[in-house]
Amino acid sequence: MSRRTILAACQMGPLQRAEGRPAAVARMVALLEKAARMGASVAVFPELALTTFFPRWFHEDLREADHWYETALPSNETAPLWEAARRLGIGFHLGFAERTPEGRRFNTAIYVHPSGETVLKYRKVHLPGHSEYDPIRKVQHLEKRYFEPGDLGFPVVRAPLGGPGGETEANIGLLICNDRRWPEAWRVLGLQQVELVMLGYNTPSLNMENRGFEAHHLRVEHSVLSVRAGCYQNSCYAVAVAKAGTEDGHELFGHSVIVNPQGEVMAQATTWEDEVVVAEADFTRCELGRTTIFDFARHRRPEHYARIVEQVGSVAPPRWSPAER
Ligand code: CDT
């Protein structure tokens, strides 16, 4: 079975608050068709791809936000995406807000096989921002209000991708936006021999916290740096995809990337609009790192990593003092 396949990053331009799901889905179908024409077996869409990035809006009563969430997928409004995937023989990754039958709320991503079956589901673990209205901020980021931390861990599954010329299998894992900045998340995927990480993001171009200076150009650099480091240190490919542009007056950056296991950027979006970029993956290339410098079985020293799981915040180190003479 071939270990080569073409990966597509399906970046989306802004989705305004007034736009409904049908507009988003129509654009996603067009992106999927383009990705298929470019030979892709899998298409990756952004985080919360069906709506505007609604955590920037404060609702006192959570029920007023209910309309941003999906309670079942595919729904009547999203079904055209599933139909297009089947017709084109392409798998896809989708980020969306999930409300469960019990009323729990998660920031969720799924990987859907071309048959329409959900292969893998992940709920965002690292929720940035805050849960109450913050008057200091220029723009609210209320993910901690609208979602609870994911309860599924960081699962990896070996599964077929779609595409022409038959099915290529890969060990697939998912992250969502802020997760890409946390090496712990990547390493838990790496420990399951992940070969392809799909992730979507909505990241403001400016630091909105009003708590100090951050050079604007570094925002993009930190995003790409995090994905490149995650791929290199865990010997995997990643497709990291933005929702970009000015959404309801607030700018999100683009620069979606496809990265290889050496940490090299293979393809990068150049607009802040709907755009498809593709790159060919050869999953046998995940083996070099995994059998040499990052051969975990030979080189990891978990007996020295206890702090990683036992401690949450950092602690100050002891102060050195000179030996008494
Ligand atoms: N969506 C998301 O996770 N965005 C964050 C920005 C956080 S700013 C409070 C990110 O890490 O890109």
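**Helices α1 and α2**

Me: How do the axes of helix α1 and helix α2 come together and cross, and which residues in α1 meet which in α2?

Reply: Please keep in mind throughout that this is a predicted model. Helix α1 covers residues 21–37 and helix α2 covers residues 79–88, and their axes come within 9 Å and cross at roughly 10°. Because angles under 35 degrees count as roughly parallel, α1 and α2 are described as roughly parallel to each other. The handedness can be stated as well, for α1 passes α2 in a right-handed crossing.

The next step is to look at the residues that meet where the two helices touch. From α1 come V25, M28, V29, L32, E33 and A36, and these meet P80, L81, A84, A85, R87 and L88 in α2. Sorted by class, this contact has ten nonpolar residues and two charged ones, with no polar residues.

The buried residues of α2 are A79, L81, W82, A84 and A85, where buried means under 20% relative accessible area. Helix α1 is one of the elements that these buried residues pack against, and β3 (91–99) and β4 (105–112) are the others. Comparing the lists, you will find L81, A84 and A85 among the residues of α2 that meet α1, and you will find them again among the buried residues of α2.

Finally, follow the chain to the place where the helix has ended. Just after α2 comes G89, and this residue takes a positive phi of about 70°. To put the picture together, α1 and α2 cross at roughly 10° in a right-handed crossing, their contact has ten nonpolar and two charged residues, and the buried residues of α2 pack against β3 and β4 as well as α1.

Notes:
Residues numbered from 1 in each chain as written. Predicted model: local features only at pLDDT ≥ 70, side-chain atom pairs only at ≥ 80, totals over all residues. Heavy atoms only, no water. Axes fitted to C-alpha atoms, helices over the stretch in contact; angles between N-to-C directions. Helix = DSSP H or I, 4+ residues; strand = E, 2+ residues; numbered from the N terminus. Parallel < 35°, antiparallel > 145°, perpendicular 65-115°, else oblique. Left-handed = near helix turned anticlockwise from the far one by under 90°. Contact = heavy atoms within 4.5 Å. Nonpolar A, V, L, I, M, F, W, Y, C, P; charged D, E, K, R; others polar. Buried < 20%, exposed > 50% of the residue type's maximum accessible area, 1.4 Å probe, protein only.
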